[in-house]
Amino acid sequence: MKIDKQETSGSIFNIGGNFVNQGILNAENVYLNNDGTVQELVRPNQETLRIQFGINYVDDLANEQSGKRLIEREDLNQVCQILTENKEIGIVGNPGVGKTCMLFHLSCKMKDVIYINLKNKSLQTVLLHIINKYNIIAGVQLIDKIDIENGLELFQGLLVDSKITFLIDECENSSEIIKRLLPLKKHQNIFVYASQLRTDFDAESIEVVPIGNFNESEAKRFLQEYDISLDVLDINELLEASQGNALYLYYYSQYSISPFPKGVDQYHRAIWKQLDVSQKECVIVSSLAHFPVTTVEVSQLLFSGELQKTIELIDTLRLVNRLTEGKIEVFHPAFRKFVVEQTKTDGLLDVYKSRLGNYFKDARNFRQAIYLLIDLEPETLEDFGFEILPEIYNSGEFEFSNKIAYALLKKPRDPATEGYLKFCIYQNQRFLQLDKDAALMIEDAIQLFARAGNRRLHLVAQMNKAMDLVESGGIAHGRELVDSILEQDDEADPEQTGPLLVSLSKIYIDLHQYKQAADVCKKAYDLFAKQKNLYGMVSSMANLASSLNHFDGYRDLSRKYAHKLLDLGLTDYYFGLELIALNALTSIYRQMNKYEEAKKYGALAVRQCQKYKLFKKAILNLINYGNIFRDTGETDEALKIYQEALFHAVEMNIHKEQCRIHWIMSEIFVEKNDLEEGLRLIDLSIGSAKLVNYSYGIAHGLKERGSILEARGEFKTAAINYEEAFNIFVQIGGMIKESNRCLTLAILLYMKTGEKNRLERLVKISVASFGGENFIDLMGIADYEENIVDIHDYFSQLNVKYIENPAPNNQVPEYLDYLRYCKDNLESSKLPFKKIVLALCANHCNNPNRLSLLSILIEQSGKLLEAGELQDLISEIQNSIKSLKIRKTVGEIVFLSIDPKGFNLEINVHQEDPMGIKLCLAFLIFRTAIPEIFSIEGLDIKQKYFKIYFHEYDLLNEVMSAKGGLSLDFNDDLQSHVIKWQQAEFPTAVVINNDYEAKADLLRFPGNKCFIYLLRTLGCEVSGYFYNKDIGEIYEITRSITARIALIFGYTNVDDDAERKFDYNLDLSKIEELIAE
Amino acid sequence: MIEDLQKIFDLAIRAYLPPLDETNSVPVLGIAFANANYPKQIEKILASISEKFNLSISPAGKLLNLKVSKASNGENLFDALLNYEEREYEWLKNHIKKSISGAFVVGAIHNGKFMIVSDNPLSFNPYQVESFNVG
């Protein structure tokens, strides 16, 4: 079973489960006070939340409609009829035709109703409201914030087995919200949207019921309901003037005006004229305010606090609705609009806005004040802008939050404040998915925090950047940044460090760096233990268990912690953690081939998901569970489980998961040799992926389709599929292995089918990409018999590209690949290889990367460079490396390396010893690349000339046999020794094992460190001589050089510490103590 | 008939209690509706009853509770809860005796003003109140 094949996109089959984030470290938790000090934002407690979300907007709706005598529209029946079949419906009509009334009627007919008016609400507010409504019913903890994606996911999960009618009003204000709600799968729930705009529903094919004005009989019924009986003449006149508009008729019943004004707008005007000054002001105040004002506020504004007077005014006014909690609101949006327009025409809009805004500001109701004052009196933002910013952000109004931040940025600020504002903008832009702008902003913010010396915010900003990088595939950069964050982070601020570490561990997991992740988890656990933070401890233990099971030698420990977690009995509170433990155990037992145990925990995990209705996680766990059955060869059982996962994925409308499940199922059928079914399933997989632009899924699907088609003998279409897959992998970035594989497969098929044009095009693409971040490597095709591409020609093109590159990277691995090809085809490769080495040599331009590459190629060349070739090489080196003088004496070649600081190093090698010559060249060229190999800053030079010999071990032993011979030990990494030979005139010599070239062969032993060892020991010996110091001391001073050299070879952990075994043992007693408390 | 009356008076919105002066020697209660139609309908119904009435007003919360019955047999005709001006009520309460006779009129706030509405403006008379109780 090739389960490995599936471990492609990281977390999909990451049986390690999802990490629990112990508090995301975001700047939303902190805010700057007006004096620039950083404050902790006080989060609302459960009681506050319960009050806040206990508000039932249906009550508001009922209050609003209570004074009215409504008639049931004839359309209502049609709406109800549609709702018996469809779960979703849009009600569309002009202002005042009675959309809200219809929602009210529906609310009376339905059982569980949630009514939401979208006016001035963000998607987050809406989601919070809905989710907390569910939470109140379920009697669980309420939440005070959520991000959009999680919120939608959660909402989708909740919809699965609820039966609620959602009435969503005034959608015309919030097309964005509607766009996100429409695609949710509604299951047994009913959604009714009311909007003035039909276009809101164009994208999704939901039934739309247009609501028009009253027809004559409805109008009459309405008037009858209000006990208004009119003469035929009057009624005709009224119907003509009103056009049957319900709002107009309602006005008519409430504000008797003659002659009849023409249309609703004129009616507004007529009513307006009737109002006295305080009535007008009351209406203006509630129209201009962004959120409903309270009676108390109106009383303070209009009657210096006389509440009774205000209440009377509101009662007689009949133009504002009293909502719950003493709030009032202009009773119809159309009238509100009119009032604003009218105030503007009167030239009083700014006056009132300013008065109202400043009133709110003085009353410290900044949330209301900001909307009124931001354009009008931006200077007032100085007083409260900083204070209100996090609140606006938390309410999900990102664009407005941005506006505030930009307004505050207009004034010159100190770096910390400017950084903070830019960081806020960055967060908004991320939510608004303006990734490019966000990246620029965070960069600015990081620099500003650094300048300000604000360590904490600097770290927060860097962490955010690192997460972005990892998410967008800039994995290498992300990793570097994370490493540097970890270095900067001492335990100066333990409160913050814990969550920071948890975030870090998530990044490491994304990067598949489980060792580092485990390290960080352990650190986090110890920190949380100090703070007695039980949740922190338990979650870091779960995370540790999860990461430890990914690398050898620690699975027992991982299993121990996972079992411990289950035993702690805390899982009722932290069921997410139990899931992690179960995941880890499933994975561990699977790796141990204990499938029965694995099945047991896998099944438990699935049940747990179902119990807590975590359907999305259930899908993941079902897939994991199915994988075990696949391992054991029970494919039918596995298929059943995948089917169930698929069912949930379809239920919840998660296309990404559908795509994954289909491709797994396709693989199973392909294994069963049922190519037809495999092809059908993979097409489905691609289809699902395309629906949500899931690039990885599309690419993977295309690749699989390619392989099925290839198996069916349809080579040309298969090749096209591979190539498409390749293109997508390249676009995703960071998928080098996958993209190269697809490309190779495509090329092989093009060769098979003789598609020369396509082939040449691909070679060109490959050459062009050399030196960039994503090199499209074609060397893989050399291994295939069908290959018709001239590899030498191809590689010499790459070499030209490398030489032309003004800032070449370290490209040792690519050259080694070529070296392998040359060694495999020795005779035909000698000349082309030599040409490449000579070209590199002639064009090194003192670039360290080119020089070290040249050095390694010479050292690794083996039989490719023999006496004849070496002759040419030496001539070229004399031309192009001025600091290296080479001459021949009797039987020996003398290399003299001249250093501007005054070291002169002479190395003598036997003429008949090509290996010695090559190593000597390699050493001296490497030294021009990295002079620090033996030149040390800050030490005084004591000697100016040093002469050493390079000897082959056997040869030397023969010479020495008369004196008893030498006895030197060599091992895998140790193939050379520096020896002192006291009797000789020049006592230092390097003895090289005859087997050096075989043992040091990086193609055969990719991890060998023979050359590094030679460079280091000889380097230290030489500098010890020049500076007249003890070798041990020199080695200590130049320690960091090792890592630098190793990097060139592509090793990362040459440091001794890296080899040390980590201690991941946790002090479990602490957790028990805490629980006991 | 009487049910219709009550239904209409449910829609009444405001009470006017003008002070006594040269033009008003007896207490008069003005009952305002939002729509000019209602007074006309009331006129039709009350005309058929065509009797004197008993009327009492008393504050109920921040509204004024109005009760109207037939003077002949005390049969309740309708009651209503109306917005009112407290000063007007206080003035009246302090200036009239209990069970004084008076009148009431029914009108509408039309084009922003309180207007008495009648189908036959020429023969219009206020409704006579035998005992006007201010409690």
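This is a predicted model: local features need pLDDT of at least 70, side-chain atom pairs count only at pLDDT 80 or more; totals for chains, interfaces and linings use all residues.
Figure 1. Gly30(B) sits in strand E2 (residues 28-33) of chain B. Helices (H or I, at least four residues) and strands (E, at least two) are DSSP runs, numbered from the N terminus. Leaving aside residues up to four places away in sequence, Gly30(B) touches Ala15(B), Tyr16(B), Val105(B), Gly107(B) and Phe114(B). Touching, or being in contact, is used here for two residues whose C-beta atoms, placed from the backbone, lie within 7 Å. Look for Ala108(B) too: 78 residues separate it from Gly30(B) along the chain, yet their C-alpha atoms are 9.5 Å apart. Residues are numbered from 1 along each chain as its sequence is written, while chains are lettered from A and ligands numbered from 1 in the order in which they are written. Local features need pLDDT of at least 70 and side-chain atom pairs count only at pLDDT 80 or more, but totals for chains, interfaces and linings use all residues.

Figure 2. Chain B has 3 helices and 8 strands. Read from the N terminus, the order is α-β-β-α-β-β-β-α-β-β-β. Of its 135 residues, 33% count as buried. Take the contacts in chain B with a separation of 6 or more: 63% of them are between residues 24 or more positions apart. The average pLDDT of chain B is 85, and 99% of the residues score at least 70; pLDDT is the predictor's confidence in each residue, from 0 to 100.

**Figure 3. Where chain B meets chain A.** Here 17 residues of chain B are in contact with 18 residues of chain A. On the chain B side, helix H1 (2-9), helix H2 (37-49) and strand E6 (100-110) are the elements that give two or more residues. That side is made up of 7 nonpolar, 7 polar and 3 charged residues. (Ala, Val, Leu, Ile, Met, Phe, Trp, Tyr, Cys and Pro count as nonpolar, Asp, Glu, Lys and Arg as charged, and the others, Gly among them, as polar.) For the complex, the predictor gives an ipTM of 0.74 and a pTM of 0.57.

Figure 4. Helix H8 (residues 216-225) has Glu218(A), Ala219(A), Phe222(A) and Leu223(A) as its buried residues. Looking down the axis of H8(A), these fall within an arc of 135°, so they line one face of the helix. The arc is that of the directions from the helix axis to the C-beta atoms. An α-helix has 3.6 residues a turn, so residues three or four places apart point the same way. Over on the other side of H8(A), Glu216(A), Ser217(A) and Gln224(A) are exposed. The cover over the buried residues includes helix H3 (74-85), helix H9 (232-242) and helix H10 (246-254) of chain A.

**Figure 5. Positive phi angles in chain A.** Most residues other than glycine have a negative phi. Just after H8(A), though, Asp227(A) takes a positive phi of about 55°. Gln243(A), in the loop between H9 and H10 of chain A, also has a positive phi of about 55°. His187(A) has one of about 50°, and its place is in the loop between helix H7 (175-181) and strand E6 (190-195) of chain A.

**Figure 6. A nonpolar core in chain A.** The largest nonpolar core has 227 residues, and those with the most contacts inside it are Met541(A), Ala545(A), Ala581(A), Ala746(A) and Cys920(A). Domain 3 (276-346) and domain 4 (844-1049) of chain A both give residues to this core, so it lies between them. The domain bounds come from an automatic or database domain assignment. A nonpolar core is a set of buried Ala, Val, Leu, Ile, Met, Phe, Trp, Tyr and Cys residues joined through C-beta atoms within 7 Å. Zoom in on Ala581(A): beyond residues up to four places away in sequence, it touches Ala542(A), Ala545(A), Ala562(A), Leu565(A) and Leu566(A).

Notes:
A residue is buried if 20 or more other C-beta atoms lie within 10 Å of its own, exposed if 12 or fewer, and partly exposed in between; C-beta atoms are placed from the backbone.
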